[in-house]
Amino acid sequence: MSDCIFCKIAAGDVPSKKIYEDDDVFAFHDIRPIAPVHFMIIPKRHVASLAECGPEHQDVLGRIMLLVPRLAAEHGLEQGFKVGVNTGPAGGQEVFHLHVHVFGHPARA
Ligand code: 5GP
Ligand code: ZN
(Lines give C-alpha, C1' and ligand atoms only; values in the text may rest on other atoms or scores of the structure.)
(Ligands and ions follow the chains in the order given, each with its own letter.)
Protein backbone atom coordinates (compact mmCIF):
# COMPACT_ATOMS: atom_id res chain seq x y z
CA MET A 1 0.00 0.00 0.00
CA SER A 2 1.79 3.08 -1.25
CA ASP A 3 0.09 5.53 1.12
CA CYS A 4 0.43 3.45 4.30
CA ILE A 5 2.79 4.91 6.90
CA PHE A 6 3.62 1.50 8.42
CA CYS A 7 4.38 0.00 5.00
CA LYS A 8 6.82 2.87 4.52
CA ILE A 9 8.36 2.29 7.95
CA ALA A 10 8.71 -1.46 7.26
CA ALA A 11 10.39 -0.67 3.94
CA GLY A 12 12.78 1.78 5.59
CA ASP A 13 11.38 4.66 3.55
CA VAL A 14 10.19 6.47 6.69
CA PRO A 15 12.61 6.49 9.64
CA SER A 16 11.77 4.71 12.87
CA LYS A 17 13.51 3.45 15.98
CA LYS A 18 13.76 -0.14 14.76
CA ILE A 19 14.23 -2.90 17.32
CA TYR A 20 13.82 -6.01 15.14
CA GLU A 21 13.48 -7.02 11.50
CA ASP A 22 13.31 -10.24 9.51
CA ASP A 23 11.88 -11.13 6.10
CA ASP A 24 8.27 -10.90 7.25
CA VAL A 25 8.17 -8.91 10.48
CA PHE A 26 9.29 -5.45 11.64
CA ALA A 27 9.29 -3.97 15.17
CA PHE A 28 9.85 -0.36 16.22
CA HIS A 29 9.24 2.04 19.09
CA ASP A 30 5.95 3.95 19.16
CA ILE A 31 6.45 7.63 18.36
CA ARG A 32 4.03 8.61 21.17
CA PRO A 33 4.78 6.09 23.93
CA ILE A 34 2.17 5.59 26.65
CA ALA A 35 4.59 3.68 28.90
CA PRO A 36 8.36 3.76 29.56
CA VAL A 37 8.70 0.88 27.07
CA HIS A 38 6.25 0.93 24.16
CA PHE A 39 6.95 -0.70 20.84
CA MET A 40 4.92 -2.26 18.03
CA ILE A 41 5.38 -5.40 15.95
CA ILE A 42 3.93 -5.45 12.43
CA PRO A 43 3.84 -7.78 9.44
CA LYS A 44 5.80 -6.30 6.55
CA ARG A 45 3.09 -7.29 4.11
CA HIS A 46 0.14 -4.94 4.38
CA VAL A 47 -3.02 -6.12 6.10
CA ALA A 48 -5.35 -3.46 7.48
CA SER A 49 -6.31 -5.01 10.80
CA LEU A 50 -6.79 -8.20 12.77
CA ALA A 51 -10.33 -8.30 11.42
CA GLU A 52 -8.96 -8.54 7.88
CA CYS A 53 -6.75 -11.54 8.62
CA GLY A 54 -7.42 -14.97 7.17
CA PRO A 55 -5.73 -18.37 7.19
CA GLU A 56 -2.93 -16.96 5.04
CA HIS A 57 -1.90 -14.77 7.99
CA GLN A 58 -1.72 -17.60 10.51
CA ASP A 59 2.03 -18.04 10.18
CA VAL A 60 3.00 -14.39 10.50
CA LEU A 61 0.54 -13.84 13.37
CA GLY A 62 2.10 -16.75 15.23
CA ARG A 63 5.58 -15.46 14.67
CA ILE A 64 4.62 -11.97 15.82
CA MET A 65 3.12 -13.35 19.04
CA LEU A 66 6.21 -15.47 19.73
CA LEU A 67 8.36 -12.39 19.25
CA VAL A 68 6.39 -10.47 21.89
CA PRO A 69 7.99 -12.03 25.00
CA ARG A 70 11.43 -12.16 23.41
CA LEU A 71 11.50 -8.46 22.46
CA ALA A 72 9.79 -7.55 25.74
CA ALA A 73 12.55 -9.30 27.70
CA GLU A 74 15.19 -7.54 25.62
CA HIS A 75 13.65 -4.26 26.76
CA GLY A 76 13.56 -5.06 30.46
CA LEU A 77 10.00 -6.36 30.67
CA GLU A 78 10.86 -9.82 32.03
CA GLN A 79 8.42 -9.25 34.90
CA GLY A 80 5.52 -8.72 32.56
CA PHE A 81 4.00 -6.48 29.94
CA LYS A 82 0.75 -5.59 28.23
CA VAL A 83 -0.19 -6.42 24.65
CA GLY A 84 -2.85 -4.65 22.63
CA VAL A 85 -4.24 -4.93 19.13
CA ASN A 86 -6.62 -2.03 18.54
CA THR A 87 -8.94 -3.22 15.79
CA GLY A 88 -11.28 -1.10 13.68
CA PRO A 89 -12.57 2.43 14.24
CA ALA A 90 -14.60 1.40 17.28
CA GLY A 91 -11.54 -0.40 18.64
CA GLY A 92 -9.46 2.75 18.68
CA GLN A 93 -7.36 1.82 15.67
CA GLU A 94 -5.78 4.87 14.05
CA VAL A 95 -3.25 3.32 11.68
CA PHE A 96 -4.83 0.76 9.39
CA HIS A 97 -1.86 -1.56 9.05
CA LEU A 98 -2.04 -4.36 11.62
CA HIS A 99 0.19 -3.71 14.62
CA VAL A 100 0.65 -5.38 17.99
CA HIS A 101 1.41 -2.90 20.79
CA VAL A 102 3.70 -4.08 23.60
CA PHE A 103 4.17 -1.84 26.61
CA GLY A 104 5.28 -1.92 30.20
CA HIS A 105 7.61 -0.73 32.92
CA PRO A 106 11.13 -2.19 33.03
CA ALA A 107 12.00 -4.00 36.23
CA ARG A 108 14.36 -2.18 38.57
CA ALA A 109 17.93 -3.41 38.48
P1 5GP B 1 -3.45 2.50 16.98
O2 5GP B 1 -4.31 3.49 17.70
O3 5GP B 1 -3.73 2.48 15.50
O4 5GP B 1 -3.45 1.13 17.61
O5 5GP B 1 -1.98 2.99 17.21
C6 5GP B 1 -1.17 3.56 16.24
C7 5GP B 1 0.10 3.94 16.94
O8 5GP B 1 1.04 4.30 15.96
C9 5GP B 1 -0.03 5.13 17.89
O10 5GP B 1 0.33 4.71 19.19
C11 5GP B 1 0.94 6.15 17.33
O12 5GP B 1 1.65 6.82 18.33
C13 5GP B 1 1.85 5.33 16.45
N14 5GP B 1 2.35 6.00 15.28
C15 5GP B 1 1.63 6.70 14.36
N16 5GP B 1 2.43 7.18 13.39
C17 5GP B 1 3.68 6.76 13.70
C18 5GP B 1 4.96 6.94 13.07
O19 5GP B 1 5.09 7.59 12.02
N20 5GP B 1 6.03 6.36 13.67
C21 5GP B 1 5.91 5.64 14.83
N22 5GP B 1 7.03 5.11 15.33
N23 5GP B 1 4.73 5.45 15.45
C24 5GP B 1 3.63 6.00 14.90
ZN1 ZN C 1 0.64 -0.93 5.28
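Read along the sequence, the chain of this predicted model follows the pattern α-β-β-β-α-β-β, with 2 helices and 5 strands (DSSP runs numbered from the N terminus, H or I of at least four residues for helices and E of at least two for strands). Its radius of gyration, taken over C-alpha atoms, is 13 Å, close to the 13 Å that the globule rule (2.2 Å times the number of residues to the power 0.38) gives for 109 residues, so the chain is as compact as a globular protein of that length.

**Surroundings of ligand 1**
- The shell around ligand 1 (residues with a heavy atom within 4 Å of it) holds 16 residues, and the closest are D30, N86, E94, H99 and H101.
- Helix α1 (5–11) and strand β2 (25–29) each supply at least two residues of this shell, and α1 gives the most, with 3 residues.

**Polar contacts (pairs of N or O atoms within 3.5 Å)**
- Oxygen atoms of ligand 1 lie 2.9 Å from an N or O atom in the side chain of N86, 2.7 Å from a polar backbone atom of E94, and 2.6 Å from a polar side-chain atom of H99.
- Taken alone, ligand 1 exposes 520 Å², of which the protein buries 87% (Shrake-Rupley method with a 1.4 Å probe).

**Basis of the values**
- Residues are numbered from 1 along each chain as its sequence is written, while chains are lettered from A and ligands numbered from 1 in the order in which they are written.
- Local features need pLDDT of at least 70 and side-chain atom pairs count only at pLDDT 80 or more, whereas totals for chains, interfaces and linings use all residues, and side-chain values use heavy atoms, with hydrogens and water left out.

Terms used:
A polar contact is a pair of N or O atoms within 3.5 Å; within protein, one must be able to donate a hydrogen and the other to accept it, and residues adjacent in sequence count only if both atoms are side-chain atoms.
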